[in-house]
Amino acid sequence: MKTTTVANDPRSHKGFTLVELLVVIAILATLVALLVPAVGAARAAARSMECKNNLKNFGISMHAFAESDPKKRYSTGAYDWRRDGCPDTWGWVADAVNAGINVQQMLCPSSELRGTEKLNDFIGVVSTSGKDGAILGRLSDGRCSEWTTSISPPGSADRIARVRQLLEDGYGTNYAASWYLVRSGPKTDALGRTVSKLKGIQGTGGPLRQYMVDNSGISSSTIPFLGCAAPGDRKEAVLSNDIPGYLEAGDRLGESFNDGPSVWTGTRISLMPAGTNVLAAAPRKLPDVTLPGIPGADGLLWLQDTRDWYAWHGSGKKGHCNLLMADGSVRVVVDLNFDKYLNPGFPVNGSPGQGYTNQKVELPPGTVYSGPFLGKGITKGNFE
């Protein structure tokens, strides 16, 4: 008798064998293993591109500000209340926000830091800086006129609400300025010596101006303006109080701007003190990728302390930091020794706590200028 197979008889269908099922699972696992890093890399690339776009927009804003400013400054200074003035009135962030750009909404997307240590200054419980010769009238400009003990005491709910409103209105950032942008160069006495600390605005020429770049003898494509901020010192850069909707107490905060001309002492990086002879401090040659720097007449190699920038983007051999340059371009600088910092050529020996782990030059002068000063009057005749 002939047996007839019914087409829809479930017993006529074969299922997966265990071996086939394991093969399918292995294939899927392989595809996922290939896909996840690719997705991660794509997201990292997108964040870096967003950061570059932010910096380009900031650059456009700075150049527009310089064109309309009677002094032809690229900014009115640093985002630093206690040194430069109230953050809704003074500093590159205020300049941009007051021109219609919400800087707080344009944070570096790869950074873990969602604000700078200056937020602690605004709240008033933790001081992150001395005044360093601040112009006192600027401290009470704008809305800071009400940041007083009698009206809005430090750490109070009212003060925190005011700081929150500051961020809501756009006056916040996690980018750090170069020393050149916010300080330009030192003031000197009749003998050519620095008159005070170079981190405060009154010991310097103040914010960089167009003619200073044009007359510096240095390509504007190599003069840095802004970069993603590095974590600040723990004693200053841990947020003291919650800022509802933005940050929580205990969050790590970033730096605001680079400290300026410095030297490696053999054990630490030290800022240039008052009384330094500026001409003698100009190096005869800056460090390059293959050659060490040649100190100036004082026997010291003064360079910019660039540890306030950080390579948040990418990872490992692809870790990098985006820097806005004076010509409006954005330069990608690779972290060659994976310490996250960008060394202009300090001959560090890996001493703990210095940031730079070795003397690998990641900011060669032909790419990113990191000499102590700008200006032909200082550098002319001092470079081989």
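What is the handedness of the link of Cys86 and Cys144, and what is the angle about its S-S bond?

Reply: The link of Cys86 and Cys144 is right-handed, with 80° about the S-S bond. A word on the source: this is a predicted model, in which local features need pLDDT of at least 70 and side-chain atom pairs count only at pLDDT 80 or more, while totals for chains, interfaces and linings use all residues. Residues are numbered from 1 along each chain as its sequence is written, and side-chain values use heavy atoms, with hydrogens and water left out.

Back to the link. A disulfide is a covalent bond between the sulfur atoms of two cysteines; here the term is given to a pair of cysteine sulfur atoms within 2.5 Å. The structure holds one disulfide, and the sulfur atoms of Cys86 and Cys144 sit 2.0 Å apart. Cys86 belongs to the loop between helix 2 (81-84) and helix 3 (92-97), and Cys144 to the loop between helix 5 (136-139) and helix 6 (157-168), so the pair ties together parts that are 58 residues apart in sequence. Helices here are DSSP runs of H or I with at least four residues, strands are runs of E with at least two, and both are numbered from the N terminus.

Cys86 counts as buried because its relative accessibility is 0%, and Cys144 counts as buried at 3%. Buried means under 20% relative accessible area, exposed over 50%, and partly exposed in between (1.4 Å probe, protein chains only). Cys108 is buried with a relative accessible area of 0%, and Cys228 is buried at 0% too.

Now for the empty space. Rolling a probe the size of a water molecule over the atoms shows where empty space is left. On a 1 Å grid over the protein atoms alone, a cavity is a set of points where a 1.4 Å probe fits but cannot get out; a pocket is an open set with protein on both sides within 12 Å along at least five of seven lines; lining residues have an atom within 4 Å of a point. Points are joined across faces, edges and corners, and a volume is the space filled by probe spheres set on them.

Two cavities of 30 Å³ or more turn up in a search of the whole structure. The largest cavity holds about 50 Å³, and its lining includes Phe58, Tyr74, Trp92 and Asp95. Helix 1 (18-68) and helix 3 each supply at least two of the lining residues, and helix 1 gives the most, with four. By class, this lining has six nonpolar, one polar and one charged residues. Ala, Val, Leu, Ile, Met, Phe, Trp, Tyr, Cys and Pro count as nonpolar, Asp, Glu, Lys and Arg as charged, and the others, Gly among them, as polar.

The second largest cavity holds about 40 Å³. Trp179, Tyr180, Asn258 and Trp309 are among the residues that line it, and its lining divides into five nonpolar, five polar and no charged.

Finally, the largest pocket contains about 820 Å³ of space. Of its 31 lining residues, Asp233, Glu255, Asp259, Asp305 and Arg307 are the closest to its centre. Strand 4 (residues 269-271) provides the largest share of the lining, three residues. This lining has 17 charged, seven polar and seven nonpolar residues.
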